[in-house]
Amino acid sequence: ILKGQLEPLNEGFLSRISDLLLCRWTCRHCCQKCYESSCCQSSEDEVEILGPFPAQTPPWLMASRSSDKDGDSVHTASEVPLTPRTNSPDGRRSSSDTSKSTYSLTRRISSLESRRPSSPLIDIKPIEFGVLSAKKEPIQPSVLRRTYNPDDYFRKFEPHLYSLDSNSDDVDSLTDEEILSKYQLGMLHFSTQYDLLHNHLTVRVIEARDLPPPISHDGSRQDMAHSNPYVKICLLPDQKNSKQTGVKRKTQKPVFEERYTFEIPFLEAQRRTLLLTVVDFDKFSRHCVIGKVSVPLCEVDLVKGGHWWKALIPSSQNEVELGELLLSLNYLPSAGRLNVDVIRAKQLLQTDVSQGSDPFVKIQLVHGLKLVKTKKTSFLRGTIDPFYNESFSFKVPQEELENASLVFTVFGHNMKSSNDFIGRIVIGQYSSGPSETNHWRRMLNTHRTAVEQWHSLRSRAECDRVSPASLEVT
């Protein structure tokens with residue numbers, strides 16, 4: 001606002017206070033209230049600094065004044081030092097006080113801008129909010145790199161992707177004729193039907209044809225021209241509750257005509273996969289898997305039923321399981337007695353071609369590496385799923401319990417020759433596997449309480465390799 005040309009609109013006290021608070025001033029030339037004297041230009045460049053309080057001189061302005069007095073001849077003549085303004089007793093501002101509180105605004109600004117080289121210039125970019133446009137590239141977060149661990153590399157492997165199995169893509173894309181010409185393992189005829197009234201699935205194994213000649217792994221097989229085939233049936237993923245047909249002697253075109261029933265709800269049956277495995281029986285050697293057929297039951301009409309001829313494909317399981325044994329162990333510390341219950345067995349390896357097996361169980365107590373006691377169950381004729389429910393008791397002092405081992409061996413009874421070995425497990429100090437060790441520890445931790453557990457039978461060679469107690473028995 002130009003000095004000498006602007007003054008309050010009214011000279012009254014209340015009017016002046018109102019104008020001071022609202023910063024309203026009027027121009028003498030145009031007689032209009034305005035905040036800037038843009039309507040009138042004056043030859044003088046001095047502006048009156050007005051305010052209700054005395055103006056305070058900032059430190060940087062005092063430094064600029066001292067520098068002007070020392071070396072600047074251009075600005076010293078026109079600059080007037082800024083002094084606090086005093087008011088007259090009647091509240092009016094005198095002309096002398098007004099002249100003392102003025103200075104040249106234009107020259108002072110230009111002088112200050114040229115004499116503040118040390119003032120830093122801060123370039124502050126505005127912060128943009130909202131969705132980024134298509135032209136701007138969003139900043140991607142940096143990816144944290146993990147340290148390389150060899151164990152993580154091998155853990156990603158899935159072995160079933162590298163095995164020759166029926167679920168592989170190359171087998172699924174082939175027809176039965178192409179599978180038969182590629183593998184030449186023969187074909188299997190079977191049927192399925194679900195009974196909604198009784199809630200069970202019936203699987204009928206009819207016949208097989210064009211089975212390959214037998215293969216001897218150890219050279220002990222005598223007849224290399226004919227096979228002794230039988231079929232094992234199960235509903236995956238449950239392989240424990242399987243069924244087994246009888247053995248057909250010396251034929252490559254066996255006719256079975258056997259039916260098997262699985263008690264299973266209808267909705268659960270649709271989630272299962274029917275697995276039929278054709279096995280070649282050998283009395284003097286291990287049984288050999290010829291081939292298998294798998295059918296997802298969700299792809300067939302179970303209620304209507306049907307029968308199919310399916311080509312056999314190779315199985316990743318070359319050896320047949322030997323069966324399972326259910327045992328119960330109980331130790332009485334006060335009496336120093338170790339009680340053993342042989343409850344049952346299931347899916348035992350068939351040792352007789354005509355009538356299945358006549359299995360029995362031999363129990364032998366070994367202390368350290370010395371055979372102490374031998375007991376055995378009765379044998380049951382013509383079955384691979386025997387129920388025994390027989391109890392045995394061995395005297396074992398508590399201080400000798402930690403050095404004791406129990407050897408369970410399943411044989412097939414044979415009247416004409418020596419008994420046929422089926423499978424074996426060792427429980428105790430020299431256990432034959434993790435499952436057996438777990439059963440023994442559970443018994444030691446729960447005295448006077450019977451502990452039951454299923455065990456998968458192992459071969460004689462496997463037990464002899466891992467358990468010294470197996471070598472001490474026959």
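Residues are numbered from 1 along each chain as its sequence is written. Because the model is predicted, local features need pLDDT of at least 70 and side-chain atom pairs count only at pLDDT 80 or more, while totals for chains, interfaces and linings use all residues, and side-chain values use heavy atoms, with hydrogens and water left out.

**The sheet and its helix**

Helices (H or I, at least four residues) and strands (E, at least two) are DSSP runs numbered from the N terminus, and two strands pair if DSSP finds at least two bridges between them. On this basis an open sheet is built from four strands in the order β18-β15-β14-β21, with antiparallel pairing. Its edges are formed by β18 (387-395) and β21 (451-456), each of which pairs on one side only. From one strand to the next the twist averages 25°, where axes are lines fitted to C-alpha atoms, for helices over the stretch in contact, and angles run from 0 to 180 degrees between N-to-C directions. Strand β14 (residues 324-332) is joined to β21 by six bridges in the antiparallel sense, and Glu324 stands opposite Ser456 in β21. Helix α9 (residues 434-445) packs on the sheet and touches β14, β15 (337-346) and β21, its direction making about 170° with that of β21; contact here means heavy atoms within 4.5 Å.

Asn330 belongs to strand β14. With a relative accessibility of 15%, Asn330 counts as buried (buried means under 20% relative accessible area, exposed over 50%, partly exposed in between, with a 1.4 Å probe and protein chains only). Leaving aside neighbours within four places in sequence, Asn330 is in contact with residues including Arg337, Met443 and Thr449. A polar atom of the Asn330 side chain lies 3.2 Å from the backbone nitrogen of Thr449.

**Aromatic pairs and charges over rings**

Rings of Phe, Tyr and Trp (its six-membered ring) pair if their centres lie within 6.5 Å, and planes under 30 degrees apart count as stacked, over 60 as edge-to-face and the rest as tilted. By this rule there are four aromatic pairs, and two of them are set out below.

| Pair | Centre to centre | Angle between planes | Class |
|---|---|---|---|
| Phe190 and Trp308 | 5.8 Å | 40° | tilted |
| Phe360 and Phe411 | 5.8 Å | 25° | stacked |

Because Phe190 lies in strand β6 (residues 187-195) and Trp308 in strand β13 (residues 306-311), their pair ties together parts that are 118 residues apart in sequence. Phe190 is buried, with a relative accessible area of 0%, whereas Trp308 is partly exposed at 25%.

Phe360 is in strand β16 (residues 359-367) and Phe411 in strand β19 (residues 404-412), so this pair ties together parts 51 residues apart in sequence.

A charge sits over a ring if NZ of Lys or CZ of Arg is within 6 Å of the ring centre and within 35 degrees of the ring normal. Lys376 lies over the face of Phe360, at 5.6 Å from the ring centre, and the charged end of Lys346 sits over the ring of Trp454, 4.7 Å from its centre.

**Strand β20**

Strand β20 (residues 420-428) is largely enclosed by the rest of the structure, because eight of its nine residues are buried. β19 and β20 pair in the antiparallel sense over eight bridges, and Ser405 stands opposite Gly428 in β20.

Key: Polar contact = N/O pair within 3.5 Å; in protein donor to acceptor, adjacent residues only side chain to side chain.
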